[in-house]
Amino acid sequence: MSTVLETVSPPAGATAPRRPRPLWLVLLATALPMFMATLDNLVMTNALPVLHAEFGASVEELQWFMNAYTLAFASSILMAVALGDRFGRRTVFLIGIVVFTLSSAFAALASDPGQLIAARALQGFGAAAIMPLSLTLLAGSVPIARRPLAIGIWGGVAGLGVATGPLIGGAVLEGWAWQAIFWINVPVGVVSIALALLVLPDSFGARLRADVIGLVLSGVGLLALVYGIVRGNEAGWDSVEVLGSLIAGGVLLAAFVGWEAVASAPLLPLRLFRDRSFSVANVVGFGFSFGAFGSIFILIQFLQVVQGATPLEAAVQTSPWTLAPMVVAPLAGFIAPRVGTRALIVAGLALLGGALFWLTGLLDASVEYSAYVLPFVLAGVGMGLVFAPSSTAVLASMVPDDHAKASGTNSMLREVGVALGIAVSTAVFTGAGGELTPVDYAVGAQPAVLVGAAVLAASALVALLLPPGRASRAAPARDAAGHVDAAPTADRIPLLTP
């Protein structure tokens, strides 16, 4: 009798199966470096008031400490995926870990805002190779039947990165110095390199020519757009500097879309957006990151600047919010195949948006901390319900050869959402008269968080367009040749080679 692997066409370049690794070890090898990269999205939030005092950094520079990371990440993530397809996903994954680890040391040694911004950008380039390839390597190393659970745990680790970012940052700041929030990445990076080499098989996608034109158009376009938003209140929204940046960014991004439609090896294959689940999940992911992380940027500083909390106290106070996804995301990944991703994502966005709207009425120095606990919990549960199901929805109808580009596109749009969310929230904050003083901070914080709540509410409405079916009712995935994508069982995980 023929085996499944004999009757089903394997991905191009597949060779003999390699001995399987335990699921927990595969999860550790893929999720640990992803955790490190996710952690650094928010690990600096509690350090911003400290850096404002130590470096004399302006509000604009504080934004760039965050956005240098997210913009570098967003602008290079699809190129990292393409390079992974061509030169080996594990190979590029390892390079990303090395770059991230070295740039973390560079950030710890920074002596002025410019050096720290440059180091953060390098971290972003490293993270661009880690995040999407982490999910792709995980999906390719576990059976399809166990992928929802594996992705749910992976999403929980991502939630843990979000949860412990402020907490670890606050604890390190209070017990040592701001530089230590970067030094802790170094030993984690070394361990991650060893695990990836020992556990993960290398895999390849289509060996296509690098889309350098697409990379330049998207990267410069995003940079120009965010720069214009960041400079709007300072230079004037009708100034040549700001209008020129916004228009140039819009034109370059439009040119990027046009180029991708005709490029022989596009950085972003527009054909992926023909799938409704993929398209809607990406719009929702963008709105989720925009609303949630722009608001977090404002709120976590509020606790220090207005309420007088230390960095560690602020992190502990927000832990009902930030720790909830660690518990909720794996559960959401487990039940998503039974109830469908749409119900979980809509509920999560509604909870998160409602919690932020509630918080806008509490942003005052006279409000006791106890009043924040329940909306913080609701916000955390909402985030946890979105993390894993949205990742599942992105890959739901994708053939294995498209997993890397699909997850890369999703990560890119989420990071763009983070960058634009921080930029727009800060623009609203400063435009409303907000300043980094106890008296004036709440004035700008309220409308800034309200914008985040409105974006999340709109995203919940868009999420209603997701396919409603449960995974058990979905049609089987097929490869590029039209063959059913049989799940490699736990004792038959293929090793992909060129």
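**Burial, contacts and ring pairs in a predicted model**

Author: Of the 498 residues of the chain, 57% count as buried. This is a predicted model, in which local features need pLDDT of at least 70 and side-chain atom pairs count only at pLDDT 80 or more, while totals for chains, interfaces and linings use all residues. Residues are numbered from 1 along each chain as its sequence is written, and side-chain values use heavy atoms, with hydrogens and water left out.

Reader: Why is T409 called buried?

Author: Buried means under 20% relative accessible area, exposed means over 50%, and partly exposed lies in between (1.4 Å probe, protein chains only). T409 has a relative accessibility of 0%, and therefore counts as buried. This residue is found in helix α18 (residues 403-431); helices (H or I, at least four residues) and strands (E, at least two) are DSSP runs, numbered from the N terminus. The chain has 19 helices and two strands.

Reader: What does T409 touch, not counting residues up to four places away in sequence?

Author: T409 touches L78, L268, F273, F278 and N282, where contact means heavy atoms within 4.5 Å. In the chain, 83% of the contacts with a separation of 6 or more are between residues 24 or more positions apart.

Reader: What makes a set of residues a nonpolar core?

Author: The members are buried Ala, Val, Leu, Ile, Met, Phe, Trp, Tyr and Cys residues, joined through side-chain atoms within 4.5 Å. The largest nonpolar core here has 136 residues, of which M44, F65, L116, F288, W321 and L349 touch the most other members. Helix α12 (residues 276-305) provides the largest share of this core, with 15 residues. Apart from it lies another core, of five residues, including V328, A336, L344 and L385.

Reader: Which residues is F288 in contact with, leaving aside its neighbours within four places in sequence?

Author: F288 is in contact with F293, L349, L352, M383, V386, F387, L456 and S459.

Reader: Why is the pair of F55 and W178 called edge-to-face?

Author: Rings of Phe, Tyr and Trp (its six-membered ring) pair if their centres lie within 6.5 Å; planes under 30 degrees apart count as stacked, over 60 as edge-to-face, and the rest as tilted. For F55 and W178 the centres are 5.6 Å apart and the planes are at 75°, so the pair is edge-to-face. F55 lies in helix α3 (residues 48-55) and W178 in the loop between α7 (147-175) and α8 (180-183), so the pair ties together parts that are 123 residues apart in sequence.

Reader: How do you know that F55 counts as buried?

Author: Its relative accessibility is 19%, and F55 therefore counts as buried. W178 is buried too, with a relative accessible area of 3%.

Reader: What kind of aromatic pair do Y69 and F100 form?

Author: Y69 and F100 form an edge-to-face pair, 6.5 Å from centre to centre, with 80° between the planes. Y69 lies in helix α4 (residues 59-87) and F100 in helix α5, so parts 31 residues apart in sequence are tied together. Y69 is buried, with a relative accessible area of 0%, and F100 is buried with a value of 0%.

Reader: How many aromatic pairs does a search of the whole structure find?

Author: The search finds 12 aromatic pairs. Ring pairs also link F302, W321, Y372, F376, F429 and Y441 into a cluster.
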